[in-house]
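Here is a walk through one protein model. Keep the sequence and the 3D view side by side as you read.

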Amino acid sequence: SNFILANAQGRCGFPIVYCSDGFCDLTGFARTEVMQKNCSCRFLCGAETSEPILQSIEKALDSRQEYQTEVCFYKKGGAAFWCLLDIMPIKNEKGEVVLFLFSFKDITESRGRSDPVDKKEEKQRSESQRSKKPRNLHLRAARRQGRTMLHQLSSQFVRRDRSEMNINRNVFENKPSIPEYKVASVQKSRFILLHYSIFKALWDWLILLATFYVAITVPYNVCFTGTEDSLSAARSTIVSDIAVEMLFILDIILNFRTTYVSQSGQVVYDPRSICIHYVATWFFVDLIAALPFDLLYIFNVTVTSLVHLLKTVRLLRLLRLLQKLDRYSQYSAMVLTLLMSMFALLAHWMACIWYVIGRKELESNDPRTWDIGWLHELGKRLEAPYINNSVGGPSIRSAYIASLYFTLSSLTSVGFGNVCANTDTEKIFSICTMLIGALMHAVVFGNVTAIIQRMYSRRSLYHTRMKDLKDFIRVHHLPQQLKQRMLEYFQTTWSVNNGIDTNELLHDFPDELRADVAMHLNKDILQLPIFETASRGCLRSLSLHIKTSFCAPGEYLLRQGDALQANYFVCSGSLEVLKDNVVLAILGKGDLIGADLCSTDQVIKTNADVKALTYCDLQHIGLRGLCEVLQLYPEYASKFTADIHQDLTFNLREGSEME
């Protein structure tokens, strides 16, 4: 990760257009101190640096050839270190060298352990290394990685369809080692399953259906199959039960290899992180729900009612459904389907309890109640009466249908009386059922309209604004290319801010609160070294002048010769600075571009174009507002004016390159 990129098409020298964080850590130089310096590394030279090696480096640059050597460089603080320098040219699709990549590897420790050599031998060895291939396996691997990275970076000179660009919605992600100069396909193991893939979506639906199957069959088997003399009823679903258990076990295995979204909004592909995250969240719930109780039937183990009760732990899989409700909340049909399914599932559970109550009334041997229970009355109506409290009676199928009929009629209305409660226990349960039914009406059915309106409020606003935009395009007869750019920009910005205008939202809040919110929203730009010495009052004033902007791939943020109105801070994405179609700098997250303040009120003209390479989130502070704040805080103004040169990654003021 210790590398720099230099422009190979420069007219005078080869200026550095990008340096990695590792290079800054290795040398002690800040990124702004390295940008635009000549890549011959003269700024790293010292007393022990070999002049012939430096001349060889410059010769290799002029001839556009690969070069490798060991050289003694000096850090910013004056400390010497030995470095394995590897120079590799980057070619575009035309075969032209457009960039140089300098790779630096600190070999001070290995040099310290080796025997000292005199300078003449060192010079001869370094000169001979140019014609020799690297023999070290580690070095070969490093060069292969370097070539892979070069291939990705060289794609900057190949035009791509804008539809291949991905939106980077996260503004506060960790800073990457290199900027997103071009969006490349994600490099992941083929054994890692993407959580947003089509297969995973279909698999989740299959697991959801299996979960509902478990929620239906487990209470049914617990309450109804225990009354059979044989195990035929319990074994009738043995195949499907084992299949569901295998699905749950397979789901656990897949979850150990499925990506997830971290709290910072990044997709995690690392297998170890995936395993730790799954074990810490849903693993134990899924493991308990996947215990293969039905394998006891295969080994002819006597299954008691306790085993059936233990199978109720599978209902913990329903907790997974709560995790997916947020994902399905934007689909009204899906929400209604899930609500009706939960309502029917509740009726099914209560039907099972209603049947158990009827059985307990028959088995109570109470001469006053055993022959008036609802199950006994049902048997007499179906001409299948109970004999001696337990023998005979209606079939399990008829009893379940009657139970479900009673619970549904009690939940949705007051019932019809053909299946009614006669004993005290049955009446108490009927009262509870009607209370639950009233609650279901109030909570579920009474709020369906509100749920749908809440789900569609933002979408309705989106369609309204989209219609206004299309009407504007149609009325003014805008060309197709301009129309496409406007529609793409609108859709992209909507996906980022969801149609929320921060300035309008905070307009009615007091200045004190708006300043605190603005400082939180703009904390990245306010944490720059240029603002370290500013007072809190100065920072609060500055935060009110900071605005957020967005730039789509291929769009120009600034054009050469434009009047510069603001200084820009890159929150996410990548941009390039161009002049006469030559890349002067590659900008990534954390970079500050703009101009230093002039002593007079003259208009600042830009000296280059700034073009977005990916979707970019930017924060900018207007130069006029900046000057107003600096006038209010003169003690900080002088410090700001003196230090702004060091914090600008690229100075866009016309004439600054000559200075």
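Start with the whole chain. The model is a predicted one. Its protein chain has 26 helices and 18 strands. There are 659 residues in the chain, and buried residues make up 45% of them. Now consider the contacts with a separation of 6 or more. Residues 24 or more positions apart account for 69% of those contacts.

Next, look inside. In soluble globular proteins, nonpolar side chains tend to be buried together. The largest nonpolar core of this model holds 49 residues. Which of its residues touch the most other members? They are Phe-531, Leu-575, Val-577, Tyr-636 and Phe-640. Strand 12, residues 566-572, gives this core its largest share, five residues. There is also a second, separate core, with 31 residues. Among them are Cys-24, Leu-26, Phe-29 and Leu-61.

Stay with Tyr-636 for a moment. Leave out residues up to four places away in sequence. Tyr-636 then touches Ile-530, Phe-531, Thr-533, Ala-534, Cys-538 and Leu-630. Phe-531, one of these partners, is also among the residues of the largest core that touch the most other members.

Two packed helices are described by the angle between their axes and the distance between the axes. Here the pair is helix 25, residues 623-632, and helix 26, residues 634-647. They pack at an angle of about 125°, and their axes are 5 Å apart. Which residues make the contact? Helix 25 brings Leu-626, Leu-630, Gln-631 and Leu-632. Helix 26 brings Pro-634, Tyr-636, Ala-637 and Phe-640. Seven of the contact residues are nonpolar, one is polar and none is charged.

Turn to the cysteines. A disulfide is a covalent bond between the sulfur atoms of two cysteines. How many disulfides does a search of the whole structure find? The search finds zero. Take Cys-45, which is in no disulfide. The nearest cysteine sulfur belongs to Cys-41 and is 7.6 Å away. A disulfide needs the two sulfur atoms within 2.5 Å. Is Cys-45 buried or partly exposed? Its relative accessible area is 26%, so Cys-45 is partly exposed. Cys-627 is also partly exposed, because its relative accessibility is 32%.

Now visit Phe-199, which sits in helix 7, residues 198-224. Its relative accessibility is 46%, so Phe-199 counts as partly exposed. Not counting residues up to four places away in sequence, Phe-199 touches Leu-193 and Leu-254.

Finish with two residues in loops. Most residues other than glycine have a negative phi. His-477 is not a glycine, yet its phi is positive, about 55°. His-477 lies in the loop between helix 19 (448-476) and helix 20 (480-497). With a relative accessible area of 69%, His-477 is exposed. Asn-581 is not a glycine either, and its phi is positive at about 60°. The loop that holds Asn-581 runs between strand 13 (575-579) and strand 14 (582-587). Asn-581 is exposed, with a relative accessible area of 73%.

Technical notes
Residues numbered from 1 in each chain as written. Predicted model: local features only at pLDDT ≥ 70, side-chain atom pairs only at ≥ 80, totals over all residues. Heavy atoms only, no water. Buried < 20%, exposed > 50% of the residue type's maximum accessible area, 1.4 Å probe, protein only. Axes fitted to C-alpha atoms, helices over the stretch in contact; angles between N-to-C directions. Helix = DSSP H or I, 4+ residues; strand = E, 2+ residues; numbered from the N terminus. Contact = heavy atoms within 4.5 Å. Nonpolar A, V, L, I, M, F, W, Y, C, P; charged D, E, K, R; others polar. Core = buried A, V, L, I, M, F, W, Y, C linked by side-chain atoms within 4.5 Å.
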